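Have the coordinates open as you read.

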Amino acid sequence: MAAMVETGLLAAAFPTVLRHRQTTHRRLSYRPTAGSSLRVSGSSFKTKSNLSSGNYAEQSKKLTELDGGGGPPRWFSPLECGCSRSTNSPLLIFLPGIDGSGHGLTLHYERLGEIFDVWCLHIPVTDRTPLADLVKLVQSTVRSEHNQAAKRPIYLVGESFGASLALVVAAQNPDIDLVLILANPATSLSKSLLQNVVPLWDIIDKHRSISSIPVETILWKLNMINEMQNHLNSNLHTVEAQTLILNSGKDILLSSITEQENLRSILKRCEVRSFIGNGDPLFLDDTFDLVAAIKRASYYRRGRSVDFISDFMPPSPSEFDMVYDPFRWMDVAVNPVMLSTLDNGKIIRGLSGIPSEGPVLFVGNHMMLAMDLVPLVSKFVIERNITVRTMAHPLYFERLTKDGKLPDLSFFDVFRVLGAVPVTAANMYKLFKLKSHVLLFPGGIREGYHRKGEDYKLIWPVEPEFVRMAVKFGAKIVPFGGVGEDDVLQLLLDSDDQMKIPPLKSLIEELTNEAVRLRTDAGGEVGKQLLYYPIALPKLPGRFYFLFGKPIPTEGREDVLRNKDKAKEMYLEIQNEIDKCIGYLKEKREKDPYRNLLARLPYQGFNGFDSQVPTFNI
């Protein structure tokens with residue numbers, strides 16, 4: 001049968017309708033382009049800034065009226081030309097919930113269109129396509145697109161019914177690189193109903209209130225969910241897709257918290273992010289940002305694996321606020337004092353002494369448990385609008401074992417959103433080539449998990465690992481020192497103490513084995529890369545202080561590249577400058593009248609907690 005393009009009244013409901021041909025199922029014959037898609041003027045679609053769930057209900061109702069609720073399932077793109085505005089964007093396919101309209105991502109079209117090609121599946125309300133045929137429709141589209149761009153992943157995004165459909169497709173196509181983004185997946189519906197967790201009528205009433213779906217359609221979809229559950233009960237283990245489960249905790253079909261744990265325990269590559277307090281459907285909650293959630297979990301990629309350099313997108317102002325808000329208490333608790341040094345050697349308050357143009361390498365000491373990282377990186381964004389790329393330990397990005405004793409990867413989302421990358425020579429090379437501002441703690445884990453009496457001690461490798469690369473790119477090296485951890489806690493039991501206690505020794509060994517180990521061939525203290533939970537006594541918070549020294553230029557220092565002694569000489573110069581910064585801060589803080597929290601609170605209460613609290617005379 002000849003290829004068909006939706007036209008007339010139905011087309012007016014879609015900004016772009018994709019061509020499809022009639023086979024057993026209607027499917028896409030090729031990736032849409034500006035020339036092969038039907039662009040409809042006068043579209044009633046709006047961007048997230050002026051849309052709400054109420055608009056979604058209106059759109060869905062209008063669409064039902066326009067297409068008469070009939071016809072087979074079909075694809076459409078909400079983007080004007082059917083494709084993303086960025087290069088080599090992966091394809092994102094949205095599989096609708098019980099309503100079937102395909103407009104479940106209405107609030108997210110604008111932002112998704114910046115980084116994805118977006119296609120949506122529309123299932124008319126009176127359509128009764130069997131589950132097997134619906135799966136074939138999605139599967140044929142996925143396979144067709146995979147054959148055209150095998151190196152790029154295909155994203156399947158679904159909520160409830162659509163999430164279950166995505167899992168079924170993934171289970172039948174383990175050889176295709178799929179990324180599943182699932183909100184409140186409904187894969188245990190029959191169990192929920194049998195236990196009377198939610199009366200059936202409540203489910204029907206909820207969906208009718210959102211989009212006025214006929215009762216018969218809701219019952220048809222619920223029956224299909226049961227079919228999918230039966231299939232997944234014996235096939236879920238075959239899913240190879242990278243999977244991100246988004247949980248609002250308010251799924252009316254079942255306890256999504258319980259469901260996420262079931263899926264996480266079975267799926268091989270599964271992460272969970274909870275958005276407790278958000279609504280259900282999650283995608284129609286105008287306080288939820290799908291793009292931010294994908295970026296936060298480091299699930300955006302354009303190749304077979306995520307590239308933390310090329311796939312990184314600096315956080316938008318709203319994304320920055322979202323990840324930084326939980327840490328704003330630190331502005332009150334430790335109220336960081338940021339100092340920098342001008343080219344003439346003058347120390348000033350603030351970060352104006354930091355070079356604006358990269359490449360720049362910040363090198364300094366590391367506080368216990370990286371408690372200095374968020375204040376450091378966030379202040380660069382707030383004061384200078386500079387995204388600092390932190391070279392971070394692999395434990396921020398991956399685990400060698402599942403469900404271990406280390407904090408969940410979600411705990412480190414904030415660092416990845418703010419620009420952290422795995423610490424490798426290749427990544428540093430790429431960042432310097434991009435003229436980035438890079439943050440490096442050469443002491444790494446050994447310094448960040450130091451022992452008693454080692455506060456502010458540099459525990460660095462003997463070899464100048466980073467110096468030659470910095471010189472190769474002419475990077476400006478900015479040594480810095482940070483103090484204040486001894487005003488926040490007193491270390492009671494360090495790794496040496498805990499290794500003498502059998503249960504704690506076993507815990508340290510378990511924690512260490514869960515993460516990729518670095519510098520395994522290094523000798524001395526640097527090679528002792530033990531992970532442990534320090535046992536410490538909290539103190540009434542003092543204050544954090546950071547001093548960035550005078551930038552050390554490396555451009556034109558070819559002698560460092562040719563001569564190992566010259567490289568080591570520069571390495572020792574950097575360490576010496578850091579020690580000077582630390583010494584300066586330790587001495588000066590003794591004269592800070594606002595070093596103690598109790599001294600700062602009255603000032604902040606009177607002048608506002610966002611005000612800059614005075615410090616010592618510089």
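Before getting to the strands, one term: two strands pair if DSSP finds at least two bridges between them. By that rule, β14 and strand β17 (residues 437-440) pair in the parallel sense, with four bridges.

## What you're looking at

This is a predicted model, so start with confidence. The protein chain has a mean pLDDT of 84, with 82% of its residues at 70 or more. Over residues 1-50, though, the pLDDT is below 50, even though this stretch has 121 contacts in the model beyond near neighbours in sequence. Residues 189-199 also stay under 50, and there the model has 17 contacts beyond four places in sequence. Where pLDDT is low, the predicted coordinates should not be read in detail.

As for the overall make-up, the chain comes to 22 helices and 21 strands. Of its 618 residues, 57% are buried. Among contacts with a separation of 6 or more, 80% are between residues 24 or more positions apart.

## The eight-stranded sheet

An open sheet of eight strands runs in the order β13-β12-β21-β18-β14-β17-β15-β16, and its pairing is mixed. Which strands stand at the edges? They are β13 and β16 (421-422), and each has a single partner strand, so one side of each is left without a neighbour in the sheet. Helix α21 (residues 564-588) packs on this sheet and touches β12, β13, β14, β18 and β21. The direction of α21 makes about 35° with that of β18.

Strands of a sheet pair through backbone hydrogen bonds, either parallel or antiparallel. On the β17 side, three bridges join β17 to strand β15 (residues 388-392) in the parallel sense, and Thr-390 has Leu-439 of β17 as its bridge partner.

## Strand β14

How many residues of strand β14 (residues 360-364) are buried? Five of its five are. Both faces are covered: Val-360, Phe-362 and Gly-364 sit on one side, Leu-361 and Val-363 on the other, and all are buried.

β14 has two pairings to look at. Towards β17, Leu-361 stands opposite Val-438. Towards strand β18 (residues 476-483), β14 pairs in the parallel sense over five bridges, and there Gly-364 has Phe-480 as its bridge partner.

In strand β21 (residues 545-548), which runs parallel to β12 and is joined to it by four bridges, the partner of Leu-339 is Leu-547. In strand β13 (residues 347-349), the partner of Leu-339 is Arg-349. β12 and β13 pair in the antiparallel sense over three bridges and form a hairpin with five residues between them. In that turn, Gly-345 has a positive phi of about 90°.

On the α5 side, the residues in contact are Phe-161, Ser-164, Leu-165, Leu-167, Val-168, Ala-171 and Gln-172. They meet Lys-221, Met-224, Ile-225, Met-228, His-231, Leu-232 and Asn-235 in α8. The residues of this contact divide into nine nonpolar, four polar and one charged.

Most residues other than glycine have a negative phi, and most peptide bonds are trans. Here are some exceptions worth checking. A cis peptide bond joins Gly-358 and Pro-359, with omega about 0°; Pro-359 is in the loop between β13 and β14.

Asn-184 has a phi near 45° and lies in the loop between β9 (178-183) and α6 (189-194). Leu-369 has a positive phi of about 60° and is in the loop between β14 and α13 (373-384).

Key. Residues numbered from 1 in each chain as written. Predicted model: local features only at pLDDT ≥ 70, side-chain atom pairs only at ≥ 80, totals over all residues. Heavy atoms only, no water. pLDDT = per-residue confidence, 0-100. Contact = heavy atoms within 4.5 Å. Nonpolar A, V, L, I, M, F, W, Y, C, P; charged D, E, K, R; others polar. Buried < 20%, exposed > 50% of the residue type's maximum accessible area, 1.4 Å probe, protein only. Axes fitted to C-alpha atoms, helices over the stretch in contact; angles between N-to-C directions.
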